[in-house]
Every structure is written in structure tokens, then in C-alpha cells.
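Good morning, and thank you for making time for this item. Please bring up the sequence and the structure, and I shall then go through selected features in turn.

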Amino acid sequence: MPHYPVEPFRIKMTEPIRLISTDERRNAMQQAGYNLFALRAEDVFIDLLTDSGTGAMSQEQWAAMMRGDESYAGARSYFRLAETMQAIFGFEHFVPTHQGRAAENLLVSLLVKPGMSIPSNMHFDTTEGNIRARGGRPVNLVIDEASNPISHHPFKGNMDLNKLRSFIEQTGVENIPFGCITITNNAGGGQPVSLANLRAVSALYHSYGIPFFIDCCRYAENAYFIQQREAGYAHKTTLEIAHEIFSLADGAWMSAKKDGMVNMGGFLAVRNPDLFQRICNELILREGFVTYGGLSGRDLDALAVGLWEALDETYLAYRIGQIAYLSDCLHQVGVPTLEPAGGHAIYVDAGRLLPHIPQSQFPGQALAAALYLQGAVRGVEIGSVMFAHPDPDSGAMVYPALELVRLAIPRRVYTQAHLDYVVETLANLAKQADRLRGYRITYAPPLMRHFTARFEPL
Ligand code: F0G
């Protein structure tokens, strides 16, 4: 029997959820144009759309919010956050932002010119979108194991160093304003990156004089995987591992809605004082003054506490254990997933479950829609709806390697019974997988179409 870790907390506030009828679900989906983002949240029973901003805050965080200092400039809340930032990340400078994509926009708008390329292991959707919106090219150079759903490589988020070296040689350093890496690799299954790989990536970028940035929204989960899996780190704390990770980089940005344990927030941190000055100018124009950056004082205080809680190893053992439990249960009932389980989510392999649906008919979308219709469980497609795009040179459609449905687990929110319900729903669906049909897009905007596209079943 798969092991479920006991929650290291108990619940003192509840939020009701309800399961609407099959007919109501069918209706809701039609109204939503079969896009799960267009559903009303109250029509969802178990909401695994994202782990972003959907976690439960602790009593310490709620208490910290009451101390929020709402001064426009120089608030105490800012200095409390700055102290935490220094203690964990150690960058010389940072600005708060309202979320991760605001930090991405700041960095990309200042550094990326049309035609430039930005390599990473894999960019997530908002990073890709921000780069493309400025005429840049996001490039994914993750190791080949990442696209093999059954490979048990312990660090499937690693960058392929040979691919990175030849990419830099071919593209020319003058066309690469910065390089980055995403930890954990969300677009590729929430898979971690090893410290050995981070060290080598940093050295490679720096040997060409390319600044190295980390997209670190799930860095605490990544640090825990390093502690558990990488030789030499079993006796290091997650904080010590975080220090080592960030010492390698010239900067980092974070959507704090993940391992910041808050419902809203983010930051952009850098070492270079000139770049920091330009970031401040841009921030003031678009987000807010440098000591609040689009957040309330109370948000800054909640984040100053949440960043510490995410590094707590008792919490992380529960968190990663809960995801592993869901993965083990799904394997028992024959639902294929991307292996091994990632840090924040299970990625059901729609490509393997629905081999009769071609990528042009969106197997991930078909599975995500069916999962809602079957049991009001909401996941998110991470496949061709999200990532297929025309090649900028040839115009031919480029499809992603995997067609996935991500079931992201909000932090400290759902219990074992909730996860068991998800397993049951998916098990029932898997039995009738050959009856599922693909979808056609009836509307899509030019960038990040998955948020607002509309569909029709085929
Ligand atoms: N980078 C990564 C790796 C992310 O996963 C996200 C968000 C962002 C950047 C952007 O941050 O949402 O605060 O603007 N991912 C969410 C998700 C939305 O569902 O995985 P944001």
C-alpha cells in the first residue's frame, strides 16, 4: 500500500467545496468553451489547476500580516523581507514584484532585443511569452532523458551541457543577453536540477561572459531533492544547499506564489548595481516604488515568513511524500505518468494514455476536459495547446515532446482522501480511454493561448 505522510499541521479554518452533478459539469464546460481556465472555481471539486498562489498560509504568516507596515517608502515590512532575502538568497540587491511574470518582464524588457536567444533547461509559459513578446527566442536545452517519460534519472531537469556549449558557439555571445535555468523544471515534470549541473552551467555561461539567472520559484523543493538524491548533500540542510545554489548565479527571479508560500508575490534579485538601478527605474514606472513593488506591506511580511517555512525539512518531507503517494496510487491503477514524481505535481502522460489522438488534436486537452467531466477535478494541459508554435524561420508547427496533464498540488491544502478521490476518478477514466476524442481550437490569441483559447470536441 502506498505510504501517505502524516500532515505536520492540523486544520483550524475550513473552506467548503462541493461536487456538482454530471449535467451541471457538462453545462459548465460548454459555457467555458472547454477551457478549464474559464470555469467558475465553485464548479470545481478538487482544484489541481496550479500550485501557484493556492496554498494555505500558516498561523505565523497570518500573524505577520497584522504587522504589515503600509508606508509607501521604506516600510518595516520591506526590511523584514530584505533580511530574509539576504539570509536565504544572498544577492546584493532585490526588488519585490507582484508575481513572477512581472519580474520576468522587468528583466526581459531591459536585456532582450529582437532576434536574441535565451537558453534554459526549459522555460515555463510566462517566461516564453515574455521573451517572444520582445521578439526574442526562448531555447530549451534540457537533457534528453527529460522527454523519456519512464526514465528514472534522478535529476531530469538538468541542462545538457554539450547542447548548451554548441548553442552558444552557433548563436554567438553577442546574441545571448543572459542564460537561465528553471528549478524545478516545471514544463518538464517538476523535475529537479542537481548542484553538480548548476555548478557546470554557471561555469559554462561565465566562461563566455554570459550572466546566469535562476528561475527559482520551486527552489526549496529542488534543494530537498538534492539533499535526498545527490551524493555529498545528505548531511547539508536545505538552507545550506540554497546558499550553494544561489552563490552560482548573477541573479534570480521568483514567483513567490510557489515556495514563498504566499497567495501573491515575487521578486527579482541581482548582483550588478547598474542593472539594479535600471530595474528600479522600470519598476517605479510599472509596478510601484522599490520597497513594495506592487505588493502591500502585509504581503511582504507574509512572504518574509513563508520563505522560511518552505525550507523546513519536516514540511518538505510531507510535501514531496504527498506527491509520491499520488504517483504510486496512479501506477497501481494503471494510469501512466511522467516518472519519477516531481516536486509539486503529477504529470499524467496523455500521449501514452490516448495514443489514438494525434498531437494536432490535443490529447492533453482531451484528457483534462474528460477529467473534469468525469469527476470535477481540474488539472492543466501541458502539451500542444500550451507549447506548440510555428517555427520563426520555416513557419512549420513545432510540437512539444510530451503531451501531459499536470495535477498540481496546492501547498498544505488537500488531504489523503482528496487525493484518493482523484485516483479513483482517473482510474475510471483510464478504463474508457479509447472512447475519448480530440479537440479543435475555435479561438486563440497569438501568445499564451492556453489561458483564453476556446475549443470544440471533435
Ligand atoms: N516560472 C515558473 C517556472 C513558473 O512555474 C511560473 C508560474 C512562473 C515563472 C510565473 O510566475 O505566475 O507568479 O507570474 N507558474 C504557474 C503554474 C502559473 O501554474 O505553474 P507567476
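I begin with Val377, which is buried at 0% relative accessibility; buried denotes under 20% relative accessible area, exposed over 50%, and partly exposed the range in between, with a 1.4 Å probe and protein chains only. Val377 belongs to strand 10, residues 377-378. Helices (H or I, at least four residues) and strands (E, at least two) are DSSP runs, numbered from the N terminus. From Val377 to Leu407 the separation is 30 residues in sequence and 9.0 Å in space, C-alpha to C-alpha.

Before I continue, a word on the source. This is a predicted model, in which local features need pLDDT of at least 70 and side-chain atom pairs count only at pLDDT 80 or more, while totals for chains, interfaces and linings use all residues. Residues are numbered from 1 along each chain as its sequence is written, and side-chain values use heavy atoms, with hydrogens and water left out.

Ile279 sits in helix 10, residues 273-286. Between Ile279 and Ser117 there are 162 residues in sequence and 20 Å in space, again C-alpha to C-alpha.

Let us turn to the ligand. Which residues come nearest to the ligand? Of the 17 residues around the ligand, they are Thr50, Arg101, Ser255, Lys258 and Arg406; a residue is counted here if one of its heavy atoms lies within 4 Å of the molecule. The shell comprises 2 nonpolar, 8 polar and 7 charged residues. In that division, Ala, Val, Leu, Ile, Met, Phe, Trp, Tyr, Cys and Pro count as nonpolar, Asp, Glu, Lys and Arg as charged, and the others, Gly among them, as polar. Helix 4, residues 100-111, gives the most to this shell, with 3 residues.

Several atom pairs deserve attention. The side chain of Gln99 has an N or O atom 2.9 Å from an oxygen atom of the ligand. For Asp215, a polar side-chain atom is 2.7 Å from a ligand nitrogen atom. For Arg406, a polar side-chain atom is 2.7 Å from a ligand oxygen atom. Taken alone, the ligand exposes 470 Å², of which the protein buries 95%; these areas come from the Shrake-Rupley method with a 1.4 Å probe, and for residues only the protein chains shown count as cover.

Next, the aromatic rings. Rings of Phe, Tyr and Trp (its six-membered ring) pair if their centres lie within 6.5 Å; planes under 30 degrees apart count as stacked, over 60 as edge-to-face and the rest as tilted. The count by this rule is 20 aromatic pairs. Why is the pair of Phe45 and Tyr421 edge-to-face? The ring centres of Phe45 and Tyr421 are 5.0 Å apart and the planes stand at 85°, so the pair is edge-to-face. This pair links distant parts of the chain, 376 residues apart: Phe45 in the loop between helix 1 (22-31) and strand 1 (46-47), and Tyr421 in helix 16, residues 416-431. Phe45 is buried at 18% relative accessible area, and Tyr421 is buried at 18%. Elsewhere, ring pairs join Phe89, Phe91, Tyr219, Phe246 and Phe267 into a cluster.

I come now to the cysteines. How many disulfides does a search of the whole structure find? The search finds 0, where a disulfide is a pair of cysteine sulfur atoms within 2.5 Å. The sulfur of Cys216 has its closest cysteine sulfur in Cys217, 7.2 Å away, which is too far for a bond. Cys216 is buried, at 0% relative accessible area. For Cys280 the closest cysteine sulfur is that of Cys216, at 18 Å, again too far for a bond. Cys280 is also buried, at 6% relative accessibility.

Finally, some backbone features. The peptide bond from Ile183 to Thr184 is cis, with omega near -20°, and Thr184 lies in the loop between strand 5 (179-182) and helix 7 (195-207). The bond from Glu339 to Pro340 is cis, with omega near -15°. Arg412, although not a glycine, has a positive phi of about 65°; Arg412 is buried, at 14% relative accessible area. Met448, likewise not a glycine, has a positive phi of about 50° and is partly exposed at 29% relative accessibility.

Terms used. A polar contact is a pair of N or O atoms within 3.5 Å; within protein, one must be able to donate a hydrogen and the other to accept it, and residues adjacent in sequence count only if both atoms are side-chain atoms.
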